[in-house]
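Dear colleague,

I am handing over the structure we spoke about, and below it you will find my notes on what was found. Please read them alongside the model.

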Number of protein chains: 4
Amino acid sequence: MDKYSKVVEELIQFRNDREWEQFHDSKNLALAISIEAAELNELFLWKKEEEVENINKDRLKEELADILSFSFLLAEKHNLDVFDIISEKIKNNALKYPVDKAKGTAKKYNEL
Amino acid sequence: MDKYSKVVEELIQFRNDREWEQFHDSKNLALAISIEAAELNELFLWKKEEEVENINKDRLKEELADILSFSFLLAEKHNLDVFDIISEKIKNNALKYPVDKAKGTAKKYNEL
Amino acid sequence: MDKYSKVVEELIQFRNDREWEQFHDSKNLALAISIEAAELNELFLWKKEEEVENINKDRLKEELADILSFSFLLAEKHNLDVFDIISEKIKNNALKYPVDKAKGTAKKYNEL
Amino acid sequence: MDKYSKVVEELIQFRNDREWEQFHDSKNLALAISIEAAELNELFLWKKEEEVENINKDRLKEELADILSFSFLLAEKHNLDVFDIISEKIKNNALKYPVDKAKGTAKKYNEL
């Protein structure tokens, strides 16, 4: 079994052992992702540009793991292949951000 | 090559073609995750419990893909194996949420 | 002096006593609002519809106070009158959400 | 009538004209604050330190107005005086962040 399927199985096992599926509707999973993303951002709050890579690596791991865990559970709930949806999004973004226009600029596609 | 490595390679290629690495410091990547998470949550805003699974599947795919893309890029920047950090987090959570105490309740570990 | 001006003065005094203005650029103030908003949302995470008004009132007060404090400081930094910008937004929203179309529905203006 | 009470009255009138109170439970109001906060943050995404004050002022006004509107509605729903809760929070923060320890540093209170 590949590593992705294996870790999703672990997540589901953990959830089922605790009978938490009843709480994991899509709205609450999305909210959980958001809350974990904010905890990740807290690591960088008030930090100057030169301090930005100088963070607590353990907390980075934990917050990223939380964001990914809830994202994988939400994907699994909707039978989405996470790698396929990313590949598809990259293809769409290539149309919105053609290399010749987007190179070296952080502008949004509607401002290019 | 496994699917994870392949999609991360695609993400990096897309970024490098546009010379966007200069914008992708950890603070901005974390901020991007947060903003995409909010766009995901917008799909559920004002929705009643019974409507919560009844959402625009295309937008769900796109927002999840965005969250995962920036999360994978942040992990890659810090040389983190996303599957390892999730497995490690599950192990830690098992200590914070023992089955006999956490079963069937959504309480936080410090309230169990 | 009105209550708004008074509380903004308190916020500025608190900030200046600690020499924190150096950290309060607009990007970090916006990020702080977001992080406090996530802490507010955590009060409601995993809650079912019937439990949603049944929350820790002290934490509600604290999180709302934090969101408002950073919002007032950001407004003050840009010389914005918070009451004027809200009134203006209400006028704009009245055009986007005319009563006859928007009554009783939670749809976004571009779907009305 | 003071400006705060007047604008809250406008917000309630706008909401009631559209029969939107049914959607405005505390959980959804909190979620709305979070989503508007993310839209505010989008103004700063990928911005370097020197560009951070150089933003679209109209969008700043709109996003701040949205955050404040939903915050005021949530406060009103719970009969909270927004100025009192901020003053109270400032007092609590003064204990957590004594001037002599907190001056000139962005550390969190538990790291001081």
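What distance separates the centres of domain 1 of chain A and domain 2 of chain A, taken over C-alpha atoms? The two centres are 24 Å apart, where domain 1 covers 3–79 and domain 2 covers 81–112 of chain A, with bounds that come from an automatic or database domain assignment.

Before the details, please note that this is a predicted model, in which local features need pLDDT of at least 70 and side-chain atom pairs count only at pLDDT 80 or more, while totals for chains, interfaces and linings use all residues. Residues are numbered from 1 along each chain as its sequence is written, chains are lettered from A and ligands numbered from 1 in the order in which they are written, and side-chain values use heavy atoms, with hydrogens and water left out.

Within chain A, helix H1 (residues 3–17) packs against helix H3 (residues 57–77) at an angle of about 90°, their axes being 10 Å apart; helices here are DSSP runs (H or I, at least four residues) numbered from the N terminus, and axes are lines fitted to C-alpha atoms over the stretch in contact, with angles from 0 to 180 degrees between N-to-C directions. H1(A) is therefore roughly perpendicular to H3(A) (65 to 115 degrees; under 35 is roughly parallel, over 145 roughly antiparallel, and the rest oblique). Tyr4(A), Val7(A), Val8(A), Leu11(A), Ile12(A) and Arg15(A) of H1(A) make the contact with Ser69(A), Phe72(A), Leu73(A) and Glu76(A) of H3(A), contact meaning heavy atoms within 4.5 Å.

In chain D, the axes of helix H1 (residues 3–17) and helix H3 (residues 57–77) come within 10 Å and cross at roughly 90°, which makes H1(D) roughly perpendicular to H3(D).

Finally, Ser71(B), which lies in helix H3 (residues 57–77) of chain B, is buried at a relative accessible area of 0% (buried being under 20%, with a 1.4 Å probe and protein chains only). Leaving aside neighbours within four places in sequence, Ser71(B) is in contact with Leu64(A), Ile67(A), Leu68(A) and Ile33(B).

Terms used
Helix = DSSP H or I, 4+ residues; strand = E, 2+ residues; numbered from the N terminus. Buried < 20%, exposed > 50% of the residue type's maximum accessible area, 1.4 Å probe, protein only.
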